[in-house]
Amino acid sequence: MRQPGDNVLSEQDLADDGDVLREKCGVFGIYGHPDAATLTALGLHALQHRGQEAAGIVTFDGTRFHSEKRLGLVGDHFSRAETIAQLPGSVAIGHTRYATTGGTILRNVQPLFSELDGGGFAIAHNGNLTNGLTLRRNLIREGAICQSTSDTEVVLHLVARSRRNRFIDRFIDSLMQIEGAYAFVGLTNKKLIGARDPLGIRPLVLGELQGHYILASETCALDIIGARFVRDIENGEIVIITDDGIESVKPFPPIAARPCIFEYIYFARPDSTVNGRNVYTVRKRMGAELAAEAPVEADVVVPVPDSGVPAALGFAQASGLPYELGIIRNHYVGRTFIQPTQSVRELGVRLKHSANRAVIAGKRVVLIDDSIVRGTTSLKIVRMMREAGAKEVHFRIACPPIRFPDYYGIDTPEKEKLLAANHTLEEMRAYVGADSLAFLSVDGVYRATGYESRNPVRPQFTDHCFTGDYPTPLTDQVGESPRQQLSLLAEAS
């Protein structure tokens, strides 16, 4: 599985049957700092794990907006002095992208920008709108001209069509019409704006550097520039940052937050703190809970790098088994790797992982990973362990079985392609070729995050991938798969 911190989406990843949970997006914004563009680029670099297909920055210099967007990694473009020189100004927002709605083309790269009545408006979005296609169709029927296939663009149109006088009221009007998950950062000629969806599904934090406020998807983006974490933006909250300071607006009725559980399982960087919880610590606890729920007689605990490392440490410590790096990760398989022939492609996971035979041969191995999606990568890794001489291979997964697709910004396959949605535990075990297979329970995940169990009436997290309990309406998805939605979106453009 991929791990936050990996810098590339390799050609092999794309060829490996989509057996990967691809990241959402990362957003960053800073107000009033003379090095706004440079700090934004650094912040996006820290958020690279959240999206590796494209990145963009928009700045305002007091007179004009400036925009630079690139396909590829942040460091490939925004580390260049000539690029930063094209982004003058003391206010900036940025975005690093993985496409969950809209294809990987330059016109979809965010931040999106439009000239509206009253001035320019740029916006960047982490998440996915579950009624974005419906809104888009209605807007086009009414004469709107869309320039991208991104669901984020509907917000620009909704703001433009609002009859309210103040910009912030027009922005609130737009939020009242959208459904789904979002963390927005927006930029006008006078304001830096942050907004989090009413359930707080997507994360957004407030930081401060030398008296200048910052918005970011994760605290690791604050750490890289030496900024101080102030607080999380609350669910349903809008913050407006101006020369006069910061203002908080809460236009939605109060409701209990339900942040995405996958931030702890997979997406957030281990050194980030999300909703008050250190991600690394939670992942270790998931491993410890897994050891208690699914113990096994074995000789060594081996993580699937890099994503399985914290959980494997927790499992090893809780079970008293030795922890070893039985798989070595090759971090240099990336976009520049030669296009593989079919014969090379069939080697599969070996391009990225190699067995450390010295600690595997003759051993009963407990293999720890964060999740199983389609299972194609898992079976290759189990096979690799056996070929390295493992006596037994016991697979332990530090999250529950993924049985339902996501519609909030994670690119999961359709339900019929999710291994756990269509097979029993024994069938999954046989498919991946392990001697035993076990998943962490839903309640085990909740215990790892500090709760006794999942509240069945009012769940503490958004956990629909395991439970099918979608916390918002799925207006666009009725009768159509995510891939079909994407095709319809493209056709509408």
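**Contacts and backbone geometry**

Author: In this predicted model, Ile 241 touches Tyr 31, Lys 190, Lys 191, Leu 192, Leu 206, Tyr 213, Leu 215 and Ile 246, not counting residues up to four places away in sequence.

Reader: Which strand does Ile 241 lie in?

Author: Ile 241 belongs to strand β12, which covers residues 238–242.

Reader: And is Ile 241 buried or exposed?

Author: Ile 241 has a relative accessible area of 1%. Buried means under 20%, so Ile 241 is classed as buried.

Reader: How many residues apart in sequence are Ile 241 and Tyr 213?

Author: They are 28 residues apart in sequence, and their C-alpha atoms are 7.4 Å apart in space.

Reader: Where are Pro 111 and Asp 306 found?

Author: Pro 111 lies in the loop between β4 (91–97) and β5 (112–116). Asp 306 is in the loop between β16 (300–303) and α11 (309–319).

Reader: What is phi of Gln 210?

Author: Phi of Gln 210 is near 55°, a positive value in a residue other than glycine. Most residues other than glycine have a negative phi.

Reader: Is Gln 210 buried or exposed, and where is its place?

Author: Gln 210 counts as exposed, because its relative accessibility is 61% and the cut-off is over 50%. Its place is in the loop between β9 (205–209) and β10 (212–216).

Technical notes: Residues numbered from 1 in each chain as written. Predicted model: local features only at pLDDT ≥ 70, side-chain atom pairs only at ≥ 80, totals over all residues. Heavy atoms only, no water. Helix = DSSP H or I, 4+ residues; strand = E, 2+ residues; numbered from the N terminus. Buried < 20%, exposed > 50% of the residue type's maximum accessible area, 1.4 Å probe, protein only. Contact = heavy atoms within 4.5 Å.
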